[in-house]
Amino acid sequence: HATDATYKSSIYRTKARSTKFGLSLTWQYDENLVNLFLKAAGFSINDIKPVWFGKYVQYWSGESIQRTQREWFLHFANHMQSYLLRPDYFEKVNGMLDYLDDETMPKARQRASKRSKPSKTTTVPRFNNGEQLQAWAEEKGLPDAPIGASTIEYYQLLCQVVERQSFMR
């Protein structure tokens, strides 16, 4: 019966939209929905840097938070909008500005960085592998990776240690 099939498929779609799940490393966002969200703030999906998406997925896949697909899309779009509203914020938080040299940095950013006071806060940089992260931590006098910890788990641990240290100052 055709109406039964339509009814069942609409129930399935409703359940699929309302099913909560933890983010996985293979998650992809809905470009149309995220683009609509960003357009409302005057941005485009083309403004999103691939590293922002990668960092978002890495971080949230390690958390036990459960959301629906739509909630994840909107959460992601909101994060991307916050990065777009604050130029260099993502790079500052992730210790990526240390690697820019004066020749590649736009003049306006050079002037702004010279005016800003140096921060005493240490930021844990993102490395491609755990050995680089371990070497950086050793150089800063931070703890070694726990036995069996993945690179992302060790990164998260170091972020917590650094945050505690900056709070104690």
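Modeller: Quick definition before we start: the expected span of a helix is 1.5 Å times one less than its number of residues. The model we're looking at is predicted, by the way.

Biologist: Fine. How do you know whether α3 reaches the expected length?

Modeller: α3 has 12 residues, and 1.5 Å a residue gives an expected 16 Å. From its first C-alpha to its last, α3 reaches 17 Å, which is close to that.

Biologist: What makes up the secondary structure of the protein overall?

Modeller: Helices: there are 8 of them and 0 strands. Read from the N terminus, the order is simply α-α-α-α-α-α-α-α.

Biologist: Let's get down to single residues. Why does W52 count as buried?

Modeller: The cut-off for buried is under 20% relative accessible area. W52 comes in at 5% relative accessibility, so it counts as buried. W52 lies in helix α3, where W52, F53, K55, Y56, V57 and W60 are buried.

Biologist: Which residues does W52 touch, not counting those up to four places away in sequence?

Modeller: D47, M80, Y83, L84, F90 and E91. E91 is 39 residues away from W52 along the chain, yet their C-alpha atoms are separated by 9.4 Å.

Biologist: Why is L38 called buried?

Modeller: Same test: buried is under 20%, and L38 has a relative accessible area of 0%, so it is buried. L38 sits in helix α2. Beyond its neighbours within four places in sequence, L38 is in contact with F43, S44, I45, I48, A77, M80, Q81 and L84. As for I48, it is 10 residues from L38 along the chain, with 9.8 Å between the C-alpha atoms.

Biologist: T68 lies in a loop, the one between α3 and α4. Is T68 buried or exposed?

Modeller: Buried, because its relative accessible area is 9%, which falls under the 20% cut-off.

Biologist: What makes a set of residues a nonpolar core?

Modeller: They must be buried residues of the nonpolar kinds, joined through side-chain atoms within 4.5 Å. In soluble globular proteins, nonpolar side chains tend to be buried together. Here the largest nonpolar core has 22 residues, and W27, Y29, V34, I48, Y56, F76 and M80 have the most contacts inside it. Elements giving two or more residues to this core are α2, α3 and α4, and α4 gives the most, with 7.

Biologist: Which residues is W27 in contact with, leaving aside its neighbours within four places in sequence?

Modeller: F21, F53, Y56, V57, Q69, W72, F73 and F76. There's also a second, separate core of 10 residues, which includes L133, W136, Y155 and V162.

Biologist: Back to α4. Which of its residues are buried, and what covers them?

Modeller: W72, F73, H75, F76, A77, M80, Q81, S82, Y83 and L84 are the buried ones. The cover includes α2, α3 and α5.

Biologist: How much space lies in the second largest pocket?

Modeller: About 400 Å³. It is lined by 17 residues, with K55, Y59, V93, N94 and Y155 closest to its centre. α3, α4, α5 and α8 each give two or more residues to that lining, and α8 gives the most, with 5 residues.

Biologist: Zooming out, what share of the protein is buried?

Modeller: Buried residues make up 28% of the 169. The protein exposes about 11,900 Å², and carbon and sulfur atoms supply 53% of that. Among contacts between residues at least 6 apart in sequence, 63% join residues at least 24 apart.

Conventions: Residues numbered from 1 in each chain as written. Predicted model: local features only at pLDDT ≥ 70, side-chain atom pairs only at ≥ 80, totals over all residues. Heavy atoms only, no water. Buried < 20%, exposed > 50% of the residue type's maximum accessible area, 1.4 Å probe, protein only. Helix = DSSP H or I, 4+ residues; strand = E, 2+ residues; numbered from the N terminus. Contact = heavy atoms within 4.5 Å. Areas by Shrake-Rupley, 256 points an atom, 1.4 Å probe, with all protein chains shown as cover. 1 Å grid on protein atoms, 1.4 Å probe; cavity = no way out; pocket = protein on both sides within 12 Å on 5 of 7 lines; lining within 4 Å. Points joined across faces, edges and corners; volume = space filled by probe spheres on them.
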